[in-house]
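Biologist: Hi, could you walk me through this model? I'd like to go piece by piece, if you have a moment.

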Amino acid sequence: MNKLRKIFLSLLVLSLALLYGCAGNSGELPVEPAPKPDAASEPSSSEASSSEEESTPIFITFEGTDLEGNTVSQDIFSQSKLTMVNVWATYCNPCLNEMPGLGELASEYDRSEFQLIGIVSDVSEGEDQTLVKSLVQETGAAYPHLLANDSIGQAILSSVSGVPTTFFFDGEGAYLGGVVGSAEKSTWEEIVHGLLEEQ
């Protein structure tokens with residue numbers, strides 16, 4: 001297991017301990033704080049060994065609509081080895097600031113290897129999408145964006161305590177981990193590269 005994967009998993013273990021010790025996150029998808037650029041130190045052997053323990057994979061089911069009116073479900077995960085789901089909001093400056101980098105990242109990979117999906121947490125299906133479409137265009141985030149609904153709310157948004165929050169899923173739809181907070185494109189590139197190496 002490579003160094004990046006160990007760091008990612010050790011942060012997940014730490015965040016699980018913090019989440020179970022505090023109220024505020026009612027969802028089932030565990031998330032961790034965004035990695036800092038200087039957080040590339042090797043985890044201790046106890047952190048690494050506990051993070052390597054086998055656990056039952058988490059799968060979610062949902063159905064939603066993208067900005068073009070297309071129906072999208074969890075079946076979309078099977079279209080790529082790795083899917084990054086970025087939950088954002090129209091009022092969230094850190095979300096909007098990282099979206100240009102996410103747009104670049106999405107365009108750099110063949111979709112069979114990696115895909116990025118946005119979920120707009122504060123605009124529901126049936127509501128005016130003018131602002132959302134404008135923000136997507138302004139930020140160059142030219143990847144699919146789903147609108148909030150009950151199904152997405154239960155499967156994904158219930159696990160979100162703040163935006164942006166990002167989740168990773170493999171090609172079978174198994175949950176790989178999540179991050180709360182924004183990050184630079186270079187940080188996301190390291191995470192994506194590390195997770196793809198594990199697939």
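Modeller: Happy to! S4, helix H3 (residues 93-107) and S5 make a right-handed β-α-β unit. Right-handed means that, with the strands pointing away from the viewer, the path from the first strand over the helix to the second runs clockwise. Helices (H or I, at least four residues) and strands (E, at least two) are DSSP runs, numbered from the N terminus.

Biologist: Before we go on, what kind of model is this?

Modeller: This is a predicted model, where local features need pLDDT of at least 70 and side-chain atom pairs count only at pLDDT 80 or more, while totals for chains, interfaces and linings use all residues. Residues are numbered from 1 along each chain as its sequence is written, and side-chain values use heavy atoms, with hydrogens and water left out.

Biologist: Thanks. How many bridges join S4 to S5?

Modeller: Seven bridges link strand S4 (residues 82-88) with S5, and the two run parallel. For strands to count as paired, DSSP has to find at least two bridges between them.

Biologist: Is S5 mostly covered or open?

Modeller: Mostly covered: of the eleven residues in S5 (residues 114-124), eight are buried. Buried means under 20% relative accessible area, exposed over 50%, and partly exposed in between (1.4 Å probe, protein chains only).

Biologist: Back to H3. Where does H3 bend?

Modeller: At Met99, by about 35 degrees, and a proline, Pro100, follows within four residues. The bend is the angle between axes fitted to the seven residues ending at a given residue and the seven starting there.

Biologist: What span should H3 have, and how far apart are its end C-alpha atoms?

Modeller: With 15 residues at 1.5 Å a residue, H3 should span 21 Å, and its end C-alpha atoms are 22 Å apart, which agrees. The expected span is 1.5 Å times one less than the number of residues.

Biologist: What do the buried residues of H3 pack against?

Modeller: They pack against S4, S5, H4, S6 and helix H6 (185-198). Among those buried residues of H3 are Cys95, Glu98, Met99 and Leu102. In H6, the buried residues include Trp188, Ile191 and Leu195.

Biologist: New topic: what does Asn86 touch?

Modeller: Asn86 lies in strand S4 and counts as buried at 0% relative accessibility. Not counting residues up to four places away in sequence, Asn86 touches, among others, Glu98, Leu102, Ile117, Gly118 and Pro164. Contact means heavy atoms within 4.5 Å.

Biologist: Pro164, you say. Which residue does a cis peptide bond join to Pro164?

Modeller: Val163, with omega about -5 degrees. Pro164 sits in the loop between helix H5 (150-155) and strand S7 (165-170).

Biologist: How does S7 run against S4, parallel or antiparallel?

Modeller: Antiparallel, with six bridges joining S4 to S7. Thr83 stands opposite Phe169 in S7.

Biologist: Which way do the S7 residues point?

Modeller: Thr165, Phe167 and Phe169 point one way, and Thr166, Phe168 and Asp170 the other way, and all are buried. In a regular strand the side chains alternate between the two faces of the sheet.

Biologist: Last one: what do S7 and S8 form?

Modeller: S7 and S8 form a hairpin with four residues between them, and Gly173 in the turn has a positive phi of about 90 degrees. Five bridges join S7 to strand S8 (residues 175-180), running antiparallel. Within that pairing, Phe168 has Gly177 as its bridge partner in S8.
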